[in-house]
Amino acid sequence: MDYQKLREKMVKKQLIPRGIKDERVLTAFLQVPRERFVPEEVREDAYGDFPLSIGEGQTISQPYIVALMTQCLKLKGEEKVLEIGTGSGYQTAILALLSKKVYSVERIKTFAQKAQKILRELKYSNIKIIVGNGTLGWEEFSPYDRIIVTAGAKDIPVPLIHQLKENGIMVIPVGDAYSQELKVIEKKKEEITTQTVERCIFVPLIGKHGWGEEID
Ligand code: SAH
């Protein structure tokens with residue numbers, strides 16, 4: 001398998017025609033080896049135009065959705081980013097290339113450990129991952145310039161709004177358990193503005209300020 005070729009094809013066929021034009025984002029997609037973040041048995045499909053199962057009922061998002069969410073964050077390289085839902089760690093790697101420091105929260109321990117291991121092997125040194133309920137954010141290192149939630153929320157978790165910096169941007173899918181709208185939230189002078197950019201389907205964000213209470 002020539003994964004570099006598959007990456008180039010993914011950028012050309014899946015991302016650029018759908019409006020991903022931030023050069024830094026496109027460059028990151030050419031660099032991150034997505035095949036390392038998917039289960040071995042589906043490695044050949046790593047660059048397909050669809051999400052893939054990563055076990056435990058969870059998925060690695062479709063490349064286009066990862067790219068769109070990343071582009072909406074308007075990263076320049078100096079930002080402190082909070083990610084909720086590490087999952088495979090693929091989005092985390094993309095964010096690490098485009099910002100200063102990434103804090104990522106994952107509720108399933110085995111995912112957090114697996115992602116941590118791969119990201120270390122790939123020599124990313126600006127990522128910190130913890131196991132926990134991301135609907136509460138990660139207070140210790142707040143406020144954040146950017147927040148990205150990669151699971152579907154029923155509402156925007158209030159702690160995340162508090163942990164977003166003034167002039168900060170948050171990207172989050174909001175809707176019901178089966179389909180959501182991708183929202184871009186900006187915080188200016190304590191006012192929140194919301195814009196909808198796309199319809200999408202994510203696995204549910206679980207926890208106190210999400211679906212169900214089982215981990216609180
Ligand atoms: N960006 C990831 C998406 C994984 S799917 C990827 O592309 O691989 C969504 C992830 O969110 C799952 O790993 C799930 O366990 C996690 N998740 C769901 N609710 C969460 C919560 N409250 N806190 C932290 N992680 C959560």
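Analyst: Happy to. Let's start with a term: on a 1 Å grid over the protein atoms alone, a pocket is an open set of points where a 1.4 Å probe fits, with protein on both sides within 12 Å along at least five of seven lines, and lining residues have an atom within 4 Å of a point. Grid points are joined across faces, edges and corners, and a volume is the space filled by probe spheres set on the points. This is a predicted model, where local features need pLDDT of at least 70 and side-chain atom pairs count only at pLDDT 80 or more, while totals for chains, interfaces and linings use all residues. Residues are numbered from 1 along each chain as its sequence is written, and side-chain values use heavy atoms, leaving out hydrogens and water.

User: Thanks! How much space lies in the second largest pocket?

Analyst: The second largest pocket holds about 240 Å³. Its lining is made of 15 residues, and those nearest the centre are Arg 36, Phe 37, Val 38, Lys 114 and Ile 118.

User: Which helix gives the largest share of that lining?

Analyst: That would be helix α5, residues 109–121, with six residues in the lining of the second largest pocket. Helices here are DSSP runs of H or I with at least four residues, strands are runs of E with at least two, and both are numbered from the N terminus.

User: And how does the lining of the second largest pocket divide by class?

Analyst: It has seven nonpolar, two polar and six charged residues. Nonpolar covers Ala, Val, Leu, Ile, Met, Phe, Trp, Tyr, Cys and Pro, charged covers Asp, Glu, Lys and Arg, and the others, Gly among them, are polar.

User: OK, now the largest pocket. How much space lies there?

Analyst: About 510 Å³. The largest pocket is lined by 35 residues, with Gln 58, Thr 59, Thr 150, Ala 151 and Val 203 closest to its centre.

User: Which element supplies the largest share of that lining?

Analyst: β2 does, with three residues of the lining of the largest pocket. Elements that each supply at least two include β2 (58–60), α3 (63–72), β3 (80–84), α4 (90–98) and β4 (101–106). By class, the lining of the largest pocket has 18 nonpolar residues, 14 polar ones and three charged ones.

User: What comes just after α3?

Analyst: Lys 74, which takes a positive phi of about 50°. Lys 74 sits in the loop between α3 and β3 and is partly exposed, because its relative accessible area is 45%.

User: New topic: where is the cis peptide bond?

Analyst: It joins Ser 142 and Pro 143, with omega at about 0°. Pro 143 belongs to the loop between β5 (127–131) and β6 (144–149).

User: And what does Ser 53 touch?

Analyst: Ser 53, in strand β1, touches Pro 39, Gln 58 and Thr 59, leaving aside residues up to four places away in sequence. Contact here means heavy atoms within 4.5 Å.

User: Last one: at what angle do α1 and α2 pack?

Analyst: Helix α1 (residues 3–15) and helix α2 (residues 23–31) pack at about 145°, with their axes 8 Å apart; axes are lines fitted to C-alpha atoms, for helices over the stretch in contact, and angles run from 0 to 180 degrees between N-to-C directions. In α1, Gln 4, Arg 7, Glu 8, Met 10, Val 11 and Leu 15 meet Leu 26, Phe 29, Leu 30 and Gln 31 in α2. The residues of this contact of α1 with α2 are six nonpolar, two polar and two charged.

Terms used:
Buried < 20%, exposed > 50% of the residue type's maximum accessible area, 1.4 Å probe, protein only.
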